[in-house]
Amino acid sequence: MSRPEIGGDDLPAVFPDWSPYRDLESAARAYLRDPDVALEALGGVLGGASVLGFTLERFVNEVNGVWQEVVVCDGHRLVLWHGEDVPPGEGPPGSMTSSLRVVPVSTVTEVGCRRRLNRADNGGIRVDSIDVYLLLTSLDEAPAGDDAAGAPRHDALRFGKTLDDGGAGQVARLEEFARLVASVVGRPVT
């Protein structure tokens, strides 16, 4: 499969599956449109640290084009890379943003994982979707016009996968990522 240019109209509706790849570089190259941009940004922060786990997301937005995200856990930090096409009229054609955020694992106060289960006729249960949130100690600003305007609200990182959006492999990998983060939250930093 050839990779379309930034802002191209020939983006596939279904992306290749990254879940079989256990190493970050292979998964990013299989799934992201711009793996070199992501890997360069992440590598500059990780600096050779061990990648204990990661999750990837990519979708096409009708307004902004391609939206991509990588979240890496090295046991002490969550390193988030986000790439997004710039909306038409807000920059030259083919422009995109690339941003990086580093969140110390010590600032994660809660890990939540909600799975939607489906029981088959034979009694077997399968996971149809998973929603994960990581509640942080940092505060997020309430949006203008919010009924709770002025009330502090904790920042949260949210991730989700479904059988239709990612498939069973990515659902399982996101659950694995949530368990990894939950296992290092609250432990003393060594």
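How far apart in helix H3 are Glu175 and Arg179? I looked: they are four residues apart in H3 (residues 167-184), about one helical turn. My cut-off for a salt bridge is a side-chain nitrogen of Lys or Arg within 4 Å of a carboxyl oxygen of Asp or Glu. Helices (H or I, at least four residues) and strands (E, at least two) are DSSP runs, numbered from the N terminus.

Ground rules for the notebook. I am working on a predicted model, where local features need pLDDT of at least 70 and side-chain atom pairs count only at pLDDT 80 or more, while totals for chains, interfaces and linings use all residues. Residues are numbered from 1 along each chain as its sequence is written, and side-chain values use heavy atoms, with hydrogens and water left out.

**Salt bridges**

Buried means under 20% relative accessible area, exposed over 50%, and partly exposed in between (1.4 Å probe, protein chains only).

I searched the whole structure and got twelve salt bridges. One of them joins Arg33 to Asp34, with the closest N and O atoms 2.9 Å apart; both residues are buried. In another, Asp74 meets Arg77 at 2.7 Å between the closest N and O atoms. Asp74 is buried at 11%, and Arg77 is partly exposed at 21%. I also noted a network of salt bridges linking Arg22, Arg173 and Glu176.

**Helix H1**

Which residues of H1 are buried? For helix H1 (residues 24-31) I listed Leu24, Ala27, Ala28, Ala30 and Tyr31. They lie on the same side of H1, because they cover an arc of only 165° around the axis (directions taken from the helix axis to the C-beta atoms). What they pack against is helix H2 (35-46), strands S1 (53-61), S2 (65-73) and S7 (153-162), and H3. Contact here means heavy atoms within 4.5 Å.

**Cores**

The largest nonpolar core has 20 residues, and I find the most contacts inside it at Cys73, Leu78, Val132, Leu134, Leu157 and Phe159. Such a core is a set of buried Ala, Val, Leu, Ile, Met, Phe, Trp, Tyr and Cys residues joined through side-chain atoms within 4.5 Å. S2, S3 (77-85), S6 (125-140), S7 and H3 each supply at least two of its residues. H3 gives the largest share, seven residues. Apart from this core lies another, of 17 residues, including Leu46, Phe54, Leu56 and Val70.

I then followed Leu78: beyond its neighbours within four places in sequence, its contacts include Val72, Cys73, Leu134, Leu157, Phe177 and Val181.

**The sheet**

I traced an open sheet of four strands in the order S1-S2-S3-S4, with antiparallel pairing (two strands pair if DSSP finds at least two bridges between them). S1 and S4 (96-104) stand at the edges with a single partner strand each, so one side of each has no neighbour in the sheet. Neighbouring strands are turned by 10° against each other on average, direction ignored. S3 and S4 pair over nine bridges, and Gly83 stands opposite Ser98 in S4. H2 packs on the sheet, touching S2, S3 and S4, and its direction makes about 155° with that of S3. Axes are lines fitted to C-alpha atoms, for helices over the stretch in contact, and angles run from 0 to 180 degrees between N-to-C directions.

**A loop residue**

Is Asp164 buried or exposed? I read 81% relative accessible area, so Asp164 is exposed. Asp164 sits in the loop between S7 and H3. Ser129 is 35 residues from Asp164 in sequence, and 8.8 Å from C-alpha to C-alpha.
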